[in-house]
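Please open the model in a viewer and keep the selection tool at hand.

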Amino acid sequence: MSLSLEVVHAAFEDIHILLTRDERLLPALLIGLLTLALTYIWFTRPEKPVRFHYPAPPQASPSWSNRRLSSPSITAHLSDSSLLPAGADNTKEYITCYDPATAQHIDTVRALSAEEIREKVKKAREAQRGWAGSSWERRRRVMRGLLDWTVREMDGLVRVACRDTGKTKIDASFGEILTTAEKLRWLIVEGEKVLSPSPRATNLLLSHKVSKVVYEPLGVAVASVSWNYPAHNALSPIIASLFAGNSIVLKGSELVAWSTAWYVGAVRACLEACGEDPELVQLVICYPDAVEALTTSPDIDHITFIGSEVVGKKVALAAAQHLTPCTIELGGKDPAIILEGANVKFFEATFMRSAFQGGGQNCIGIERFIVHASLYDAFLSRMASRVAALRVGPSLLPDPDAPAADVGAIITDARFDRLEQLVREAVEGGARVLVGGKRMVKEEWEGAHYFSPTLIVDVTPEMRIAQEELFAPIMTVMHATSTEHAIRLANGTRYGLGAAVFGNDREECRRVVRELRCGMVSVNDFGVFYLNQSMPFGGVGSSGYGRFGGPEGLRGLCNPKSVTEDRFFSLIRTPIPAPLDYPIPSARKSWEFVKGLRGAERSQRVFKGGLPFDPRSTFVQIHFLHSPNSLELICLLLTSDTRPRSQDADQGQAPHPPLGSRARLIVLSDSSSNASSEESQSDSDDEVVIISFSRVGVLPFFLF
């Protein structure tokens, strides 16, 4: 700060000295300063966000309470009709929404039918027609409005996610808020650059052309997303689709129907506040038997699916009916390789968060810790005490001073039998459970879904627990005898989503990164590649295909259209050369012509020749001369100027060469010999026309 003041003070002293020498400089100085100030303001002015009000629902309040379900599930209303809303239609399907951390009933909402889904798609299609050509300013206005709301209403966004998933507020702040805000910021700053026409390199034969790729909206996008991050998983595909000029139908998980409806409602409110059509965003909540009305619809132009491997395969199969392009992000079995020399003490907090954030329900959470033999015992000792100390419970409690929960609830208890079975099988195969290993019953929250934070060690690759995705608060530890062994273990599953490498040797870490079969890697950290929204997100193998996030993901929501046009439009054009014009006049000459084209592709050097003619009012044809050592482009001048050549001389202009004269304009050579630009002496009939151009005013193209 003091340095800046010194610089400003020195600048004013210099100005004062100038003014004392000549006061006439004052007006010019003031005009200059004003111009600079206005220029700075113009180019740095922020596009102000449109503020809208969309408060959190009462159920998100920590002091809110409701009846507790004895057997909570999304179909609890089938056995207890009192859970249905007033005036419920017996011919319709419903979904019971509840807090998995407390088993309290939140709401019961409608599940859409196939016909209702088709109507949603129709609305999205109609709205997209008016949005496809929207300006970047309009799109950024929506993004800025959502970013402003996300930051202002962060508490509400977090509490809604906690209520519907049972996660802790800290976990929600990482996975829901930081990632969403960063994606909005990236779209605002970089989105236009990514989707603006992209110029592409050309070749010699097309150097009179301009090539580019333009990114056009696809139309109606579909995103079928998982439940583990209801805010981010809903908002992320919505904002990407909108910025790409698409409308979107979001298929939310029935496990988080209540929160997803609120997040989508906020986006629609933002669109309306910005003067845009809220029908650009449609929400579908339904049971699996109705979802094919969406995934098999011929009116859908792209599908993003985030979820399980089993369901992902069904989505890809359904999309294949109309060849609808897909981005499929499935499960993972992410490894963390702890190399010899890694600082276990320093990274132990990172290890804990990578395994237990979100209750382990994190697609890029670490499920396998592959630890070098020299660090194995120290790793187990440190992790055992920390895992045993984890506190499990709800995050939204009336008492703000209540002890904080470290690990929240599991979204459903439907997987508990399988998890316990996998643990038992591993123990029977020689693994040891140091902490946890089974479901947890909390008397004060009977009916809630909790699984004990678990540390299971001495796991081997043939065990099912080492091969199947757990999506639970379970830390599995495997023993590696060397770096090569660790890499083999890491690549030893059908999955390939993310990974982490911890070590003290940069080159060794980089070597591991190169050899890992996966889509993303963090070095000495976990999952941070997703916090950088300029990076693509996705995996290989059974973890899916395609990418969302970054330029790759944003462009994936567009039609990349290749466009080639004349560089000097209407001045230089390319007709079909005479040797190739139907009917072919000469098989020999046409073949020689084609061989000449191949020679042009092999050319390595370009020499600039002179222009021994006045290029005005001149037509040109380019010829090839091909020899074993060189490839020469010969310019055949076909003047269209009908003035007498003496008139040119009288006016002091260089006379036009005779019609049909030749000049060696450009020489391309495979050899190192120099080339001159004197007139070509060749009158051979074997010269082959390669390109014929129309009227040329100037010929900068020939000079590259």
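Begin by selecting Phe347, which is buried, with a relative accessibility of 9%. The model is a predicted one. The rings of Phe346 and Phe347 form an edge-to-face pair, with 5.0 Å from centre to centre and 90 degrees between the planes.

Across the whole structure, a search finds 16 aromatic pairs. To see another of them, select Trp227 and Phe471, an edge-to-face pair with centres 5.7 Å apart and planes at 85 degrees. Trp227 lies in the loop between strand S5 and H7, and Phe471 in the loop between strands S15 and S16, so the pair ties together parts that are 244 residues apart in sequence. Trp227 is buried at 15% relative accessibility, and Phe471 is buried at 14%.

Now display helix H7 (residues 230–243) and helix H8 (residues 257–273), which pack at about 30 degrees with their axes 9 Å apart. Their crossing is right-handed. On the H7 side, the residues in contact include Ala234, Leu235 and Ile238; on the H8 side, they include Tyr263, Val264 and Val267. The residues of this contact comprise ten nonpolar, two polar and no charged.

Finally, select Glu276 in the loop between H8 and strand S7. Glu276 is buried, at 10% relative accessible area. Its side chain makes a polar contact of 2.7 Å with the side chain of Arg138. Among the other residues that Glu276 touches are Trp131, Arg141 and Leu271.

Notes. Residues numbered from 1 in each chain as written. Predicted model: local features only at pLDDT ≥ 70, side-chain atom pairs only at ≥ 80, totals over all residues. Heavy atoms only, no water. Axes fitted to C-alpha atoms, helices over the stretch in contact; angles between N-to-C directions. Helix = DSSP H or I, 4+ residues; strand = E, 2+ residues; numbered from the N terminus. Left-handed = near helix turned anticlockwise from the far one by under 90°. Contact = heavy atoms within 4.5 Å. Nonpolar A, V, L, I, M, F, W, Y, C, P; charged D, E, K, R; others polar. Buried < 20%, exposed > 50% of the residue type's maximum accessible area, 1.4 Å probe, protein only. Polar contact = N/O pair within 3.5 Å; in protein donor to acceptor, adjacent residues only side chain to side chain. Phe/Tyr/Trp six-rings, centres within 6.5 Å; stacked < 30°, edge-to-face > 60°. Lists of a residue's contacts leave out its neighbours within four places in sequence.
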